Amino acid sequence: MATESTRISHAEALDFLLDAENNVHSFVDSSTSEQNVRTAGFEPVADLGTQAARFANFGSPEPVETRSCSTTTPPRRRIIQCDVFIAGSGPIGCTYAREILEKCDSDVLRPRNAVYMAEIGAQESPVVGAHLKNAVKYQKDIDAFVHVIQGALQPVSIPVSDTHQSTLGGNSWTPPINSKQNQLVICGQNPQQSREDNLGATAVTRAVGGMATHWTCACPTPHSEETTSSPIPRNELDSLLARARDFVKVDSTVFDKSIRHTTVKDILTTSFPNRNIRSIPLAVQPHSKAESGFVTWSGSNTVLGDIVNDPRFTIASEHRVTQLIVHPSFPGTVAGVLMRDLKTDRDVLVHARAYVIACGAVCTPQILYNSDIRPPALGRYLTEQSMAFCQIVLSKKTIQNIQNTQNPVWQALIAQHRNKHPLDPLPIPFRDLDPQVMIPYSSAFPWHAQIHRDAFSYGDVGPRSDPRVVVDLRFFGKGDILENNRVEFSNKAKPEERPEHTDVYGMPQATFHVVRTDEDRDRDQKMMNDMTTVANSLGGYLPGSEPQFMEPGLAMHITGTTRVGSDSKTSVANPCSKVWGFSNLWVGGNNVIPDSTASNPTLTSMAYALKGASDVIQCLQYEYQ
């Protein structure tokens, strides 16, 4: 265990930051007004002269040590100096990092450590933030990747279980009866969570790259009905979405040569001619050797691009962002960030000019809440998608049609497969890519459907059937927006005190209060009926994977918990994702989306992040003028 001296209280953190503030130069010159400097969180300084002088105290990526203001605290503390601090290394945080480093004037940013990114999880791939499904093992056996996803996901809120065991041995320990301590609080179990309004399957991934280490990479364009609450005009949003596609390398054609993909797509197009059947737009690129049957799935590394090697970019893994420290004299300014190095159990302070919190739809409001930044809409207006799921086995007729194809390319592939594997009863090459088809959201059918084969935390086929003839159907439904649908966090009486209940990382425990309306349930039933109709056009149900609604939260597409908007009473941030009432704090992630969506939200969140990053750049450059 670390000694108590490695911990920094809220009051101490503020002392250290103010002390540091008095010992470093801000990025302003003599022409900058005193009011503008104060708004940015710095005291006015004299003319800094040359660019070299401006970077004198900011040039090193090593933390700057500063002495505590308190005369009773002799240890010296480390304060990391940077221009932009980003919490979270998923696609959203990486979008902010790349856009800022590529678009901000070079003389505004320090030559080293300009963008400092903190991630609570470890780096699990040699490539920073890479998609783990790119490993050959998982491309050969997609079912094996299910267990990777299961291992990556950590549940958010689990109601405590009944601990009474009537057959337990007489001298074995049990919780005391008729006591507040009669329930076990382990493994994320939450005494405040009721089962009736929980999102029981909601989980987070704590790793460098975030959810993008195992996501499906689906990047559909949101329907107009999925952006009705957006404060961004649709033409501007479409432009941002196009840029986001480039960042994450979206392609709809990679699977078009696949026999199974084409077969499934043709069946659905014939059976449902008015449903606009199409290939799923995926963040994926063809493998350098096309004949390998492999592809390259995009991850956070794709979004980062070349900036991962830029000396101005630093990423710190296994660092928990504990709280933001608000400047006492300027309540609308963040003075710094208090982090915990989880490997050493030591606290670290970061002093930046701009702060971006992009830690997901639960952890982002959790950090704001723990920082006593609690606007009225924080955690509220939460929406999550319902999910209907089944798996089918392609019909005999479909397999016969593949066998009897008149397509010369297919004939050659099948003949080559037969020659190499004469005992295989299927006319489908082992390296044939999986189907990746979607039925997009429409006004008549207000849900998003993916007819494909991919790994989730469930749905592995195992020995029940040949995976080449199995197709997954996942239908995602939207929910009505209700102010009272929310995530709350365990309270604490004072900033220095520990919350009543904490999660496994010591942060305030999240508790869900989410219900579906009667209208939601009606849509869900229609969605289920539609899924069974689509499924029956393809084949019969795989035993054990008949049509079913999945546990609430399993979509892991929560939106709205730090929603953007034009009214500070009903949103947490303005249209540029800057938190209301703050001059240097932005939020990012699916949590900023103010709409109820049915389609995958990552691309939309990246679009909001691009707009937010432009605002960060504008603020940085305005300070420098």
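Reader: How does the lining of the second largest cavity divide into nonpolar, polar and charged residues?

Author: This is a predicted model, in which local features need pLDDT of at least 70, side-chain atom pairs count only at pLDDT 80 or more, and totals for chains, interfaces and linings use all residues. Residues are numbered from 1 along each chain as its sequence is written, and side-chain values use heavy atoms, with hydrogens and water left out. A cavity is a set of points on a 1 Å grid over the protein atoms alone where a 1.4 Å probe fits but cannot get out, and its lining residues have an atom within 4 Å of a point. With Ala, Val, Leu, Ile, Met, Phe, Trp, Tyr, Cys and Pro as nonpolar, Asp, Glu, Lys and Arg as charged, and the others, Gly among them, as polar, the lining divides into 5 nonpolar, 5 polar and 1 charged.

Reader: Which residues line the second largest cavity?

Author: The second largest cavity has a volume of about 40 Å³, taken as the space filled by probe spheres set on grid points joined across faces, edges and corners. Its lining consists of D251, S252, T253, V254, F255, H261, S279, I280, L282, V284 and Q436.

Reader: Which residue of β12 is the bridge partner of Q285?

Author: Strand β11 (residues 282-286) runs antiparallel to β12, and 3 bridges join them. For Q285, the partner in β12 is T296.

Reader: Why does helix α10 count as largely enclosed, and which strands do its buried residues pack against?

Author: Buried means under 20% relative accessible area, exposed over 50% and partly exposed in between, with a 1.4 Å probe and protein chains only. In α10 (residues 360-370), 10 of the 11 residues are buried, so the helix is largely enclosed by the rest of the structure. Taking contact as heavy atoms within 4.5 Å, its buried residues pack against β8 (203-205), β14 (319-326), β17 (354-357), β22 (486-489), β23 (510-513) and β26 (585-587).

Note on methods: Two strands pair if DSSP finds at least two bridges between them. Helices (H or I, at least four residues) and strands (E, at least two) are DSSP runs, numbered from the N terminus. On a 1 Å grid over the protein atoms alone, a cavity is a set of points where a 1.4 Å probe fits but cannot get out, and a pocket is an open set with protein on both sides within 12 Å along at least five of seven lines; lining residues have an atom within 4 Å of a point.
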